[in-house]
Amino acid sequence: MPQSPHRVVVAAFAGVELLDVTGPAEVFSVATRVAGPDRPGYVVQIATADGAPVATSSGVRLMADLTLDAVDGRMDTLLVAGAIDLAHVGHGAALDLERVRRWAEREHERLSRLESAGRLTSREEEASR
């Protein structure tokens with residue numbers, strides 16, 4: 001039974017450093033191509049607080065694949081992209097980043113509860129079923 005690709009979600013917000021989003025996405029893309037068609041590879045999704053595009057610190061706009069709240073099911077890797085300085089972006093960016101922070105905390109708590117209850121399984125366990 002072939003494994004599904006590893007799901008990587010990159011949380012982005014207004015004022016994010018472009019390279020903090022696109023750099024990891026490109027690394028996962030290259031890893032998938034190098035691994036070849038017989039390996040599961042990676043699928044990368046960009047999530048924003050409201051699913052809208054965000055302007056990076058350089059002004060380049062990034063499209064979102066989904067909202068943070070729409071991230072459900074298996075997520076193998078979560079990356080929260082960074083920013084050097086949000087002062088030039090305005091108050092909206094700080095609120096956006098705060099929404100990302102609160103969402104990541106909720107996800108961590110949810111996963112901790114599942115792990116404590118013995119309901120969090122690894123990819124290897126699921127593949128052997």
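Me: Taking helices (H or I, at least four residues) and strands (E, at least two) as DSSP runs numbered from the N terminus, in which strand does Thr 48 lie?

Reply: This is a predicted model, in which local features need pLDDT of at least 70 and side-chain atom pairs count only at pLDDT 80 or more, whereas totals for chains, interfaces and linings use all residues. Residues are numbered from 1 along each chain as its sequence is written, and side-chain values rest on heavy atoms, with hydrogens and water left out. From the N terminus on, the elements run β-α-β-β-β-β-β-α-α, and the strand in which Thr 48 lies is E2.

Me: Is Thr 48 buried or exposed?

Reply: Buried means under 20% relative accessible area, exposed over 50%, and partly exposed in between, with a 1.4 Å probe and protein chains only. Thr 48 touches Ala 12, Val 54, Ala 64, Leu 66, Thr 67 and Leu 68 (contact being heavy atoms within 4.5 Å), when residues up to four places away in sequence are not counted. Because its relative accessibility is 1%, Thr 48 counts as buried.

Me: With which residue does Asp 69 form a salt bridge?

Reply: A salt bridge is a side-chain nitrogen of Lys or Arg within 4 Å of a carboxyl oxygen of Asp or Glu, and for Asp 69 and Arg 106 the closest N and O atoms are 3.4 Å apart. Asp 69 lies in the loop between strand E5 (66-67) and strand E6 (77-80) while Arg 106 lies in helix H2, so the pair ties together parts that are 37 residues apart in sequence.

Me: How many salt bridges are found in the whole structure?

Reply: Besides the pair of Asp 69 and Arg 106, the side chains of Arg 33 and Glu 26 meet in a salt bridge, at 3.4 Å from N to O. Arg 33 is exposed, with a relative accessible area of 56%, whereas Glu 26 is partly exposed at 44%. For the whole structure, the number of salt bridges found is two.
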